Amino acid sequence: MTTASHPAQHHHAMGLTLHNTALGLGWVFLAVGVLGFIPGITSNYGAMTFAGHDSGAMLLGVFQVSILHNIVHLLFGAAGLYFARTGRMARGYLIGGGAVYLVLWIYGLITMSNMSADFVPMNSADDWLHLVLGVVMVALGLWLGRDAREETKGRAM
């Protein structure tokens, strides 16, 4: 006799929970924010500006960054650590943060043709990374968030 396992058990076995995912992304964004301030990891460090499209600093030699861009990564990382406290908050961070990254992707595509409107330095690599982050974060928030919705329904009954 076999019993059907709950779909959530599969991603829980892999360590994928709303809490762990938000926490992990928070740490990654914090690390990216810190790495953006380290010469050598960030090339052309001396060409980093506070904000604007003219910052010449490149994280890992690929992603255009500025002081403001790095601060935003640090704040987004801290938010991930904070919102990882509950399933509902973590779900909101993943879906909301993913939506923000999708808006940034669109913003990057629009400002690519009008660099004077670009107050946050972003290049093509940043734009495509924002698309991937946005899609993955929203998808994880929805997929892993099924558990939180099911728990809420169970308590309401």
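Which residues in H2 meet which residues in H4? The close-ups below take that up first, using a predicted model.

**View 1. Helix H2 packs against helix H4, residues 87–111.** On the H2 side you'll find Leu18, His19, Thr21, Ala22, Leu25, Gly26 and Phe29, and they meet Gly87, Ala90, Arg91, Tyr93, Leu94 and Tyr101 in H4. Sort this contact by class and you get eight nonpolar, four polar and one charged residues. The two axes sit 8 Å apart, and the packing angle is about 50°.

View 2. The contact includes Ala22, Gly26 and Phe29 of H2, along with Trp27 and Val32, while H3 brings in His73, Phe76 and Gly80, among others. By class, the residues here split into eleven nonpolar, six polar and no charged.

**View 3. Now for the largest pocket, with a volume of about 220 Å³.** It is lined by 16 residues, and the ones closest to its centre are Phe29, Val32, His73, Leu129 and Leu133. At least two lining residues come from each of these elements: helix H2 (18–35), strand S3 (63–65), helix H3 (67–83) and helix H5 (124–156). As for class, the lining has eleven nonpolar, four polar and one charged residues.

Terms used. Residues are numbered from 1 along each chain as its sequence is written. This is a predicted model: local features need pLDDT of at least 70, side-chain atom pairs count only at pLDDT 80 or more; totals for chains, interfaces and linings use all residues. Side-chain values use heavy atoms; hydrogens and water are left out. On a 1 Å grid over the protein atoms alone, a cavity is a set of points where a 1.4 Å probe fits but cannot get out, and a pocket is an open set with protein on both sides within 12 Å along at least five of seven lines; lining residues have an atom within 4 Å of a point. Grid points are joined across faces, edges and corners, and a volume is the space filled by probe spheres set on the points. Helices (H or I, at least four residues) and strands (E, at least two) are DSSP runs, numbered from the N terminus. Ala, Val, Leu, Ile, Met, Phe, Trp, Tyr, Cys and Pro count as nonpolar, Asp, Glu, Lys and Arg as charged, and the others, Gly among them, as polar. Axes are lines fitted to C-alpha atoms, for helices over the stretch in contact, and angles run from 0 to 180 degrees between N-to-C directions. Contact means heavy atoms within 4.5 Å.
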